[in-house]
Structure formats: structure tokens, C-alpha cells
Amino acid sequence: LTMSDEMLKFEQNPNNIEIVNVMFRAAHTLKGMSGTMGFEKIQKLTHTVENMMDDIRNGQIQATQETIDFMFKGIERLEKLVDEIKLCSKFLYSLL
């Protein structure tokens, strides 16, 4: 499952904190890996989305439609950034 799939499940059940925990762990891993590889845009965006997830799971903010929409947009942008890296990698590999 992707984070977008998890977001769809969370949108249907915004009180299920376990879904947020799954997404948080995935975001945390992505943030760390992107930072290690120097992908700063991905690292910064992931950090922002991860903070919102952390605030939801700690009860500091509510999972409203607005926060869910914000997280969806962030995750969609992250997926596009990762896809761009994959495309560039395939292109560079084809030159070898």
C-alpha cells in the first residue's frame, strides 16, 4: 500500500490513529532516506507532512477535512517528486 492508499482509508475513518501511525512511519523513513541522499525538497515536504501526522496522533490537532486535504496534497506532491527521481535515474542508467 502507498501513503495515498492509507490516506484514503484515513479519510473514511479519521479516528483511526493506527492509520496515522503507519503513514508516520513511512514518512519518517522517507524523510531520513531523502536527507541522506540529498533530496532536500522531499526531506522538507516530508517533514511538514510528518509534523502534521504527529500532531494528529498526539491529539494536538483534529483530523478535519482541511487537514486531511492538506496531507493528501503533500503526499501527492511527494509521490510526484519521487517519480521524477525514478525517471531521471532510469534515463541516467540507460546512458551507461
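A word on the ground rules. Residues are numbered from 1 along each chain as its sequence is written, and side-chain values use heavy atoms, with hydrogens and water left out. Because this is a predicted model, local features need pLDDT of at least 70 and side-chain atom pairs count only at pLDDT 80 or more, while totals for chains, interfaces and linings use all residues.

Let's start with the helices, which are DSSP runs of H or I with at least four residues, numbered from the N terminus. Helix H1 covers residues 3-12, and its axis comes within 9 Å of that of H2, crossing at roughly 160 degrees. Axes here are lines fitted to C-alpha atoms over the stretch in contact, and angles run from 0 to 180 degrees between N-to-C directions. H1 and H2 are therefore roughly antiparallel, a label for angles over 145 degrees. H1 passes H2 in a left-handed crossing, meaning that the near helix is turned anticlockwise from the far one by less than a right angle.

Moving along, the axes of H2 and H3 (residues 40-57) come within 9 Å and cross at roughly 155 degrees. That crossing of H2 and H3 is left-handed too. Then H3 packs on H4, residues 65-94, at about 150 degrees with axes 10 Å apart, so H3 and H4 are roughly antiparallel.

Now to the charges. Side chains of opposite charge can pair when their charged atoms come close. Counting a side-chain nitrogen of Lys or Arg within 4 Å of a carboxyl oxygen of Asp or Glu as a salt bridge, we get four. One of them joins Glu6 and Lys9 at 3.3 Å, N to O; these two are three residues apart in H1, so about one helical turn separates them. Buried means under 20%, exposed over 50%, and partly exposed in between, with a 1.4 Å probe and protein chains only.

Arg57 and Asp54 also meet in a salt bridge, at 2.9 Å, again about one helical turn apart, in H3.

Finally, the surface: Met33, Met37 and Phe39 make a nonpolar patch of about 290 Å². Patch residues have over 30% relative accessible area and no salt bridge, with nonpolar side chains (Val, Leu, Ile, Met, Phe, Trp, Tyr) joined within 5 Å and like charges within 9 Å. Met37 lies in H2 and is exposed at 52%.

Thanks, everyone!

Notes. Areas by Shrake-Rupley, 256 points an atom, 1.4 Å probe, with all protein chains shown as cover. Parallel < 35°, antiparallel > 145°, perpendicular 65-115°, else oblique.
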